[in-house]
Amino acid sequence: MRVTLGDPQALIPGFEQVHREQSAAYPATAVEWQPVHTVYVPADRFDAGTVAAWGAAALDLLRRHLSRKDMTRFFEMHEQTARTVHEKVTAKLGTDPIEDLRVDFEDGYGLRPAEEEDGHVTRAAEAIAALHAAGTLPRRWGLRVKSFADGDPVRSIRTLDGFLTEVIDRVGQLPDGFVVTFPKVLMKAYLGQFAGCLEALEKGLGLTEGRLRFEMQVEAPQTVRFLDAALVTALGGRLAAAHFGVFDYTASCSLPPHEQRLDHPACDHARHVMQTSFAGTGVELSDGSMAAFPAADDRYVVRNLWWRHVGLIRHSLSHGFYQGWDMHPSHLVSRYVAVYHFHLSHYEEYAQRVRAWEEQRGAEGGVMDEPATVKTMVTALRRADLALGNA
């Protein structure tokens with residue numbers, strides 16, 4: 001082949017450096033397990049029995065208010081899919097009801113006298129140690145500290161310090177799966193300051209470098225404006241996730257109370273900015289929560305709440321947010337129903353289309369998939385296997 005340029009490499013000075021920067025900023029990572037939800041429990045209401053109590057309460061609601069036949073009709077599922085979903089939800093609630101747990105010292109807890117919060121920190125650490133000893137500590141766990149935006153960062157760090165110190169003293173190590181939630185990040189500088197505190201805690205507690213990671217909450221328009229992939233490298237890889245806070249965000253946008261909902265277009269905008277800002281960085285994304293819970297133990301009331309919650313979860317899933325926040329045991333039922341149904345609904349179709357691509361033939365229905373679509377389907381199958389417990 002004849003060419004015109006003698007040495008194309010000479011025309012691209014600095015390419016190697018730019019490519020190294022690309023690899024560092026956007027690592028090609030395989031899909032790993034991510035919890036389908038975060039359950040947060042106010043610190044004063046948390047004890048070693050909380051996980052089991054939430055699972056038992058959710059399982060009781062499922063058994064009394066949603067049979068397999070009910071699920072088929074109520075959520076418009078194929079009969080076989082409904083049978084599988086019902087079996088999986090029942091098993092999940094009975095054995096592993098909470099995948100990600102946060103002991104909350106922020107909005108769900110409020111302002112308390114220093115001695116009272118210190119006491120709750122100690123009791124929370126005792127409960128974590130008991131859960132770990134019993135083998136029932138959720139796979140992902142941690143706490144939510146108060147925001148630096150509240151003007152008292154010392155209280156925030158003292159709570160985190162005491163919690164970690166007490167847990168390690170009781171367990172002998174920091175159990176796997178720990179992460180801390182950092183809320184209301186109104187100023188970009190708070191992120192670096194918090195990361196510096198985590199580094200100091202690692203050294204003080206004798207933990208390996210990078211062991212303490214955190215998730216930031218996106219709860220205000222100010223936060224959306226400074227989201228950027230560069231944050232990940234600037235924070236030394238400590239940023240594990242970004243979680244959307246629907247109620248603070250919609251309040252900051254001056255939305256009326258009846259419009260403070262996950263599927264509001266203002267929330268869609270914030271989530272899409274989160275997606276584009278952190279795409280390819282490995283930072284996990286999580287949606288927010290629904291504040292409602294059953295006002296009465298009435299089948300119509302309970303099912304109506306599940307219907308609303310499932311609709312919101314489906315909205316999140318369709319927008320590529322595979323995790324959300326749950327605030328009441330009843331939410332566990334609708335969470336797992338929606339997630340399992342979502343992943344099962346297209347599983348066989350995706351598997352068939354991937355096989356067709358690998359065999360270099362057209363998929364059923366005359367679909368000619370693009371490489372990017374095939375890659376997305378492979379990812380979707382992997383994510384489904386992880387969520388369904390098949391991997």
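**Exercise 1. In which helix is Phe15 found?**

The model is predicted: local features need pLDDT of at least 70, side-chain atom pairs count only at pLDDT 80 or more, and totals for chains, interfaces and linings use all residues. Residues are numbered from 1 along each chain as its sequence is written, and side-chain values use heavy atoms, with hydrogens and water left out.

*Solution.* Step 1: Helices are DSSP runs (H or I, at least four residues), numbered from the N terminus. Phe15 belongs to helix α1, residues 15-25.

Step 2: A residue is buried under 20% relative accessible area, exposed over 50% and partly exposed in between (1.4 Å probe, protein chains only). Phe15 has 39% relative accessibility and is therefore partly exposed.

Step 3: Leu5, Leu11, Ile12 and Phe15 make a nonpolar surface patch of about 390 Å². Patch members have over 30% relative accessible area and no salt bridge, and nonpolar side chains are joined within 5 Å.

**Exercise 2. Determine how many disulfides the structure holds, and examine Cys253.**

*Solution.* Step 1: A disulfide is a pair of cysteine sulfur atoms within 2.5 Å. The structure holds zero disulfides.

Step 2: Cys253 is in no disulfide; its nearest cysteine sulfur belongs to Cys267 and lies 7.6 Å away.

Step 3: Cys253 is partly exposed, because its relative accessibility is 30%.

**Exercise 3. Describe the surroundings of Asp385.**

*Solution.* Step 1: Asp385 is placed in helix α15, residues 371-388.

Step 2: Asp385 is buried yet has no salt bridge. A salt bridge requires a side-chain nitrogen of Lys or Arg within 4 Å of a carboxyl oxygen of Asp or Glu. The nearest side chain of opposite charge is that of Arg382, 5.9 Å away.

Step 3: Contact means heavy atoms within 4.5 Å. When neighbours within four places in sequence are left aside, Asp385 is in contact with Tyr347, Asn390 and Ala391.

**Exercise 4. Characterise the backbone and accessibility of Glu76 and Ser254.**

*Solution.* Step 1: Most residues other than glycine have a negative phi.

Step 2: Glu76, although not a glycine, has a positive phi of about 55 degrees. Glu76 sits in the loop between α3 (68-74) and α4 (79-95), and its relative accessibility of 65% makes Glu76 exposed.

Step 3: Ser254 likewise has a positive phi, near 65 degrees. The loop between α10 (246-252) and α11 (265-278) holds Ser254. With 64% relative accessibility, Ser254 is exposed.

Technical notes. Patches are made of residues with over 30% relative accessible area and no salt bridge: like charges are joined within 9 Å, nonpolar side chains (Val, Leu, Ile, Met, Phe, Trp, Tyr) within 5 Å. Accessible areas come from the Shrake-Rupley method with a 1.4 Å probe; for residues, only the protein chains shown count as cover. Helices (H or I, at least four residues) and strands (E, at least two) are DSSP runs, numbered from the N terminus. Lys and Arg count as positive and Asp and Glu as negative; His and the chain ends are not counted.
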